[in-house]
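Take a moment with the sequence and the 3D view.

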Amino acid sequence: MSPLAVDLPAVSADELQQKLEGGDAFVLIDALAPMVYAHSHLPGAINMPPSAVDTIRCTKRMPDLSTEIVVYCANEHCDDSIATGERLRALGYTNVRHYAGGKDEWRRLGLPLERAGKPFSGR
């Protein structure tokens, strides 16, 4: 695990599932490459790999720097979510959390994924 991960507070699969089911106000960010995101992603996630983190895009989507943001990528060995989270923090976002288990753990737990905004049950 990258040493940067220590700086990002963790969120568990259970907590993230409760946030999604409860309709909590937060932004879920998939930090994987656009093609991987397009195949499947966690419900409601937006795609923002590290290279796509820029002031204009972030300000449009998340104008409040205190917005709760959860970043994830493939699994605990993937550093893209950590890089995205650190870039968001460098832009001034103060409430960035990290779901280390990522899409692999989510799928293993049998939790729902979506593709193009619709439920997706494929592997």
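Is Asp-104 buried, partly exposed or exposed? This is a predicted model, and in it Asp-104 is partly exposed, with a relative accessible area of 24%. Its salt-bridge partner is Arg-107. The closest N and O atoms of the two are 3.7 Å apart. Both residues sit in helix 5, which covers residues 102-108. They are 3 residues apart there, so about one helical turn separates them. Arg-107 counts as buried, because its relative accessibility is 19% and the cut-off for buried is under 20%.

Now widen the view. Side chains of opposite charge can pair when their charged atoms come close. The model has 5 salt bridges in total. Some of them share partners, and these join Glu-15, Lys-19, Asp-24, Glu-68 and Arg-97 into one network.

What does the pair tie together? Glu-15 belongs to helix 1, residues 13-21, while Arg-97 belongs to strand 4, residues 96-98. The bridge therefore links parts that are 82 residues apart in sequence. The two ends also fall into separate classes of accessibility. Glu-15 is partly exposed, at 29% relative accessible area. Arg-97 is buried, at 14%.

Asp-24 is partly exposed, at 37% relative accessibility.

Last, leave the salt bridges and look at a loop. Thr-67 lies between helix 3 (55-61) and strand 3 (69-72). Is Thr-67 buried or exposed? At 18% relative accessibility, Thr-67 counts as buried. What lies around this residue? Set aside its neighbours within four places in sequence, and Thr-67 is in contact with Val-27, Met-62 and Asn-95. A polar atom of the Thr-67 side chain lies 2.6 Å from the backbone oxygen of Asp-64.

Note on methods: Residues numbered from 1 in each chain as written. Predicted model: local features only at pLDDT ≥ 70, side-chain atom pairs only at ≥ 80, totals over all residues. Heavy atoms only, no water. Salt bridge = Lys/Arg side-chain N within 4 Å of Asp/Glu carboxyl O. Helix = DSSP H or I, 4+ residues; strand = E, 2+ residues; numbered from the N terminus. Buried < 20%, exposed > 50% of the residue type's maximum accessible area, 1.4 Å probe, protein only. Polar contact = N/O pair within 3.5 Å; in protein donor to acceptor, adjacent residues only side chain to side chain. Contact = heavy atoms within 4.5 Å.
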